[in-house]
Amino acid sequence: MKTKPDLGFWKLWNLSFGFFGVQIAYALQSAQVSRIFSTIGADPHDLSYFWILPPLMGLIIQPIIGAASDRTWTRIGRRLPYLIIGAIVGIIVMCFLPNSGSLGLGISQAIIFGLVMLMFLDTSINMAMQPFKMLVGDMVNERQKGLAYSIQSFLCNAGSVVGYVAPFVLALFLSKTAPQGEVPPTVTWSFYLGAAILLICVVYTLMKVREWPPEKYAEYNGISSDAEKNKVQGGMFSLLIHAPKVFWTVGVTQFFCWAAFLYMWTYSTDAIAGHAFDAPVVEKATGVKINGKSYSDKYLFLGDRPIIMDGKMTVAGITVDGSFSSPRTVVVGNDTIISDGNLKYVGGVSGVRPDSQFANSGTTVSIDGVPVVVGNTAKIVSAFSLIQPGETLTLAHIAAIDHSTGKYELEQTTVLPTLTDKTSLEIETATVLNAESEEYQNAGDWNGLLLAVQGLIAVLWALVLPRFRSRRLAYSLSLAIGGLGFISIWFITSPALLFISYGLVGIAWAAMLAMPFTILTNALSGGHIGTYLGLFNCTITIPQIVAALCGGFILSFFPVAESGVTQTVWMLLVAGILLLAGALSVWCIRETYGSDTKTV
């Protein structure tokens, strides 16, 4: 087998430049898809299940693309055709996905359409991403692979930063709000911009990269015959059995790393909202209990009258000095108590609950703009308190009002048993952070900035990694620093200091994107590099699927704060421990070159 020649810096750059555009698409997916589905009308409790879909698609698609590209030989190469297909699909989907709520569909139809678009988007990203990893494995020699994958990591993180900050930048020119059920222009045009950049990156790659023809590829990759270069002998299962040991040892490290980052993506906003921004809490109605049996969902209706809306108890009205009225708005001082049938948890009345007294003698209450002086007491009356025996209630998973008719559209409904008496009906509640509060929204915006800082530090650290003489030391040290970054979040209550924590996490992120593929491709030779890289992607997707399925179970073991809010920040502590375990597991890796077993 001939030794692959050294490549100049710009040739190494060109091999990976398209990763910049692909990663912008991936960052927009990571940061904005939950927001898109929430805007359409998806139940927030279901969002975590949506996030099982992207790694699941990667688990299926990447090995197939890897194996197929190993057997593909065309005029433009063996990897580039899959880049073209993936990019074209991705560009089309990026134009449709943010418009899922603007197509005149019902809520369920819009969510299903969005899920199909998410499936195609993640599939196309995986299809477009994989060729770049394979091109480095195909055309770069062992000595330069560390630099090549560091360049790839640099471009990957630079793309992430652009994707994360795009909505913030576009907010300088476009509106951050939109009609109900529609995605704000800042998000929509971020996807359009990402699609345009992806197109430019792919065209650039096709202009600058020339894959080796089959004969030259065979010379440099140890393929001895025409039959071998068109055939994956024994299939994927056989290749797994004969995979080099480093495939499995690096895979163990990958498991710890990607499970840790899945928990960051899932719990970061909620954790810092409660831990560093002191977001207030609300008591959310999670369902009802009838004769001891629980029924859980977001909405509860008595005929056309909402009782529970999006986890909130609705308000039937107020009584002032014993006289009942059903106003749309009630204001005390500068605080809105009731607005359109919902309690507002603001200012000095954050403790007000349905059926509770909120104004004493002498207080002036504004009822639908009319001032009323309270002579005795004023009490809020919940819609729940007006339910009578013999009435039938309906639970709904999704509900939306048609403003043209004033009627509610209910989907995925459950008709409850007829009430025999009022004592048989109870509201079930849970105390959670108030996601509508200014503090929570500020935390959400801050989280985007933290992720951008993580990406920036990863960009810089990717330039440092090739300078380490020992890859294992660089890999292990980076993961350990990232683990300490996660753990430090548990101790930090200052939003500004969190930049340090996420900067440390960025160091681990840079190593995760560069080191595993360098170590693996150095150990591979022959015509199956694409298949192995596709299979190796399972060490990224499976940990995320497992972590997503186990996250809620793990969270239930942690203590609850005095406010009653489950401490999601503990999950970031778990993420830190996982990264530290990953740092230790690196030392079980024995890096090899082809058939060698030399430790580096």
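Ile85 is partly exposed, with a relative accessible area of 44% (buried means under 20% relative accessible area, exposed over 50%, and partly exposed in between, with a 1.4 Å probe and protein chains only). This is a predicted model, so local features are given only where pLDDT is at least 70 and side-chain atom pairs only at pLDDT 80 or more, while totals for chains, interfaces and linings use all residues. Residues are numbered from 1 along each chain as its sequence is written, and side-chain values use heavy atoms, with hydrogens and water left out. The protein has 18 helices and 17 strands; helices (H or I, at least four residues) and strands (E, at least two) are DSSP runs, numbered from the N terminus.

**Nonpolar surface patch**

- Ile85 sits in helix α5 and belongs to a nonpolar surface patch of about 390 Å².
- Patches are made of residues with over 30% relative accessible area and no salt bridge; like charges are joined within 9 Å, and nonpolar side chains (Val, Leu, Ile, Met, Phe, Trp, Tyr) within 5 Å.
- Two or more patch residues come from each of α5 (80-96) and α6 (107-139).
- Helix α6 contributes the most, with three residues.

**Overall make-up**

- Of the 600 residues of the protein, 54% count as buried.
- The protein exposes about 25400 Å², and carbon and sulfur atoms supply 62% of that area.
- Accessible areas come from the Shrake-Rupley method with a 1.4 Å probe; for residues, only the protein chains shown count as cover.
- Among contacts between residues at least 6 apart in sequence, 76% join residues at least 24 apart (contact means heavy atoms within 4.5 Å).

**Confidence**

- The mean pLDDT of the protein is 81, and 88% of its residues reach 70 or more; pLDDT is the predictor's confidence in each residue, from 0 to 100.
- The pLDDT is below 50 over residues 225-234, a stretch with 22 contacts in the model beyond near neighbours in sequence.
- The pLDDT is also below 50 over residues 595-600, and this stretch has eleven contacts beyond near neighbours in sequence.

**Salt bridges**

- A search of the whole structure finds three salt bridges, where a salt bridge is a side-chain nitrogen of Lys or Arg within 4 Å of a carboxyl oxygen of Asp or Glu.
- Asp6 and Arg143 form one of them, at 2.4 Å from N to O.
- Asp6 lies in the segment before α1 (9-16) and Arg143 in helix α7 (residues 142-170), so this pair ties together parts that are 137 residues apart in sequence.
- Asp6 is partly exposed at 46% relative accessible area, whereas Arg143 is exposed at 62%.
- Glu428 and Lys289 form another salt bridge, at 3.9 Å from N to O.
- This pair links distant parts of the chain: Glu428 is in strand β17 (residues 425-433) and Lys289 in strand β1 (residues 281-290), 139 residues apart.
- Glu428 counts as buried at 18% relative accessibility, while Lys289 is partly exposed at 25%.
- Arg328 and Asp340 also meet in a salt bridge, at 2.7 Å from N to O.
- Arg328 is in the loop between β7 (323-325) and β8 (329-332), and Asp340 is in the loop between β9 (335-339) and β10 (342-343), twelve residues apart.
- Arg328 counts as exposed at 55% relative accessibility, and Asp340 as partly exposed at 49%.

- Strand β12 (residues 364-367) and strand β13 (residues 370-373) run antiparallel and are joined by four bridges; two strands pair if DSSP finds at least two bridges between them.
- Ser366 stands opposite Pro371 in β13.
- Two residues lie between the strands of this hairpin, where Asp368 takes a positive phi near 50 degrees.

**Surroundings of Leu416**

- Leu416 is in the loop between β16 (407-415) and β17, and at 3% relative accessibility Leu416 counts as buried.
- Leaving out residues up to four places away in sequence, Leu416 touches Val288, Ile290, Tyr295, Leu300, Thr392, Leu393 and Leu395.
- The C-alpha atoms of Leu416 and Tyr295 are separated by 8.2 Å, although the two residues are 121 residues apart along the chain.
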